[in-house]
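Look at the sequence and the structure below before reading on.

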Amino acid sequence: DGQEHPLRFKELKNLQLSRDGKHLAYVGEPESFRRVVVVDGNSSKPYGGLEPDYIKDSLKLGPVGGRYAYGIKMRGGARAVIDGKEGKIYSGVAEFTFSPDGRWVAYWAAQGGKLHIVANDREGAAYDELGLPTYSPDGGTLAYGAGIGARKFVVINGQPQKAYASIGEPEFSPDSKRLVYLADLSADGPTLLVDSGKEGKHYEGIREQLYFSSTGQHLAMVAFTGEHQMVVVDRVEGNPYDMVLTQGGGKVQFDGEDRFHYLAVKKGELVLVEETIEQ
């Protein structure tokens, strides 16, 4: 806002502003091979040289409240630094994620060839694979994809769900009441939608992008069957088309809670489809 901060560095990186616009964080280099993390004008101790080093691009500023997290590496491993407090040593840490309300933070931790999610200072179970941790909009639920061998599943607040051949990233509705993701029954399909634990109809394929209405009451997706594609809203199938456009800005767009539109191709012609949801 036109005001110069008194701290001076050779270089500044990872400049971040909180969602509420009240907090500022960045990484400064006071000299070669030295880095400090600065949050709201307060600097951390120097990292680098013979001391533990800052993990490049790991700084994450919380959306509100001025909380922050990053990783540091040293001989024998790495650890998280959350609000200035250093955590347990692991072989590696990454992907710091805050809940939308800023209260909670989760991150990846590697140890002994396995991966854990550490959430709210609690270490989760060990897995062979992990997806990105995702908090619900109200901050009350944490979900992520995980895998053990050929089994892939979603973990909700530490509890593994039904396993599949593969799964997509879990996504919450805007009102936090629904958690949805795609799942494949085998390497060649079919694909289905899992909505709050309930499995939907099997399709040859479903596009990864899912579309919620503004309140989360309705959910749309694009499914494939044979040589046709269709928009499915709340498990109700629309008319089949040669293609439903979801690239280059194309998407299923809700117009309020009871109407939506999208672009499709039918017999070589581009058409605008507008539909109404019957209550």
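Which residue stands opposite Ala94 in strand 11? The residue opposite Ala94 in strand 11 is Trp108. This is a predicted model, in which local features need pLDDT of at least 70 and side-chain atom pairs count only at pLDDT 80 or more, while totals for chains, interfaces and linings use all residues. Residues are numbered from 1 along each chain as its sequence is written, and side-chain values use heavy atoms, with hydrogens and water left out.

- Helices (H or I, at least four residues) and strands (E, at least two) are DSSP runs, numbered from the N terminus.
- Strands pair if DSSP finds at least two bridges between them.
- Four strands make an open, antiparallel sheet in the order 10-11-12-13.
- Strand 10 (92-98) and strand 13 (122-123) are the edge strands, and each pairs on one side only.
- Five bridges link strand 10 and strand 11 in the antiparallel sense.

- Another open sheet has four strands in the order 1-2-3-4, with antiparallel pairing.
- Strand 1 (11-17) and strand 4 are at the edges with a single partner strand each, so one side of each has no neighbour in the sheet.
- Strand 2 (residues 24-29) pairs with strand 3 in the antiparallel sense over four bridges.
- Across this pairing, Ala25 stands opposite Val39, and Val27 stands opposite Val37.
- The hairpin of strand 2 and strand 3 has six residues between the strands, and Phe33 in this hairpin takes a positive phi near 65°.
- Strand 3 also pairs with strand 4 (residues 42-43), in the antiparallel sense, over two bridges.
- Asn42 in strand 4 is the bridge partner of Val39.
- In the hairpin of strand 3 and strand 4, two residues lie between the strands, and Asp40 takes a positive phi near 55°.

**Side chains of strand 3**

- In a regular strand the side chains alternate between the two faces of the sheet.
- In strand 3 (residues 36-39), Val36 and Val38 point one way, whereas Val37 and Val39 point the other way.
- All of these valines are buried (buried means under 20% relative accessible area, exposed over 50%, partly exposed in between, with a 1.4 Å probe and protein chains only).

- Ser136 belongs to the loop between strand 15 (134-135) and strand 16 (142-148).
- Ser136 counts as buried because its relative accessibility is 0%.
- The side chains of Ser136 and Asp138 are joined by a polar contact of 2.6 Å (a pair of N or O atoms within 3.5 Å; within protein, one must be able to donate a hydrogen and the other to accept it, and residues adjacent in sequence count only if both atoms are side-chain atoms).
- Beyond its neighbours within four places in sequence, Ser136 is in contact (heavy atoms within 4.5 Å) with Pro100, Thr141, Phe172 and Ser176.
- Ala143 lies in strand 16 and is buried because its relative accessible area is 0%.
- Not counting residues up to four places away in sequence, the residues that Ala143 touches include Leu132, Val154, Ile156, Phe172 and Leu179.
- Ala143 and Pro160 are 17 residues apart along the chain, and their C-alpha atoms are separated by 9.6 Å.

**Nonpolar cores**

- A nonpolar core is a set of buried Ala, Val, Leu, Ile, Met, Phe, Trp, Tyr and Cys residues joined through side-chain atoms within 4.5 Å.
- The largest nonpolar core has 14 residues, of which Ala220, Val231, Val233, Val252, Phe254, Phe260 and Tyr262 touch the most other members.
- Strand 26 (219-225), strand 27 (228-233) and strand 31 (259-266) are the elements that give two or more residues to this core.
- Strand 31 gives the most to this core, with three residues.
- Apart from this core lies another, of 13 residues, among them Ile55, Ala78, Phe96 and Phe98.

**The largest pocket**

- On a 1 Å grid over the protein atoms alone, a pocket is an open set of points where a 1.4 Å probe fits, with protein on both sides within 12 Å along at least five of seven lines; lining residues have an atom within 4 Å of a point.
- The largest pocket holds about 300 Å³ of space (grid points are joined across faces, edges and corners, and the volume is the space filled by probe spheres set on the points).
- This pocket is lined by 16 residues, and the closest to its centre are Ile82, Gly87, Tyr107, Asn120 and Asp121.
- Strand 8 (77-82), strand 9 (85-90) and strand 11 (105-111) each supply at least two residues of the lining.
- Strand 9 gives the most to the lining, with five residues.
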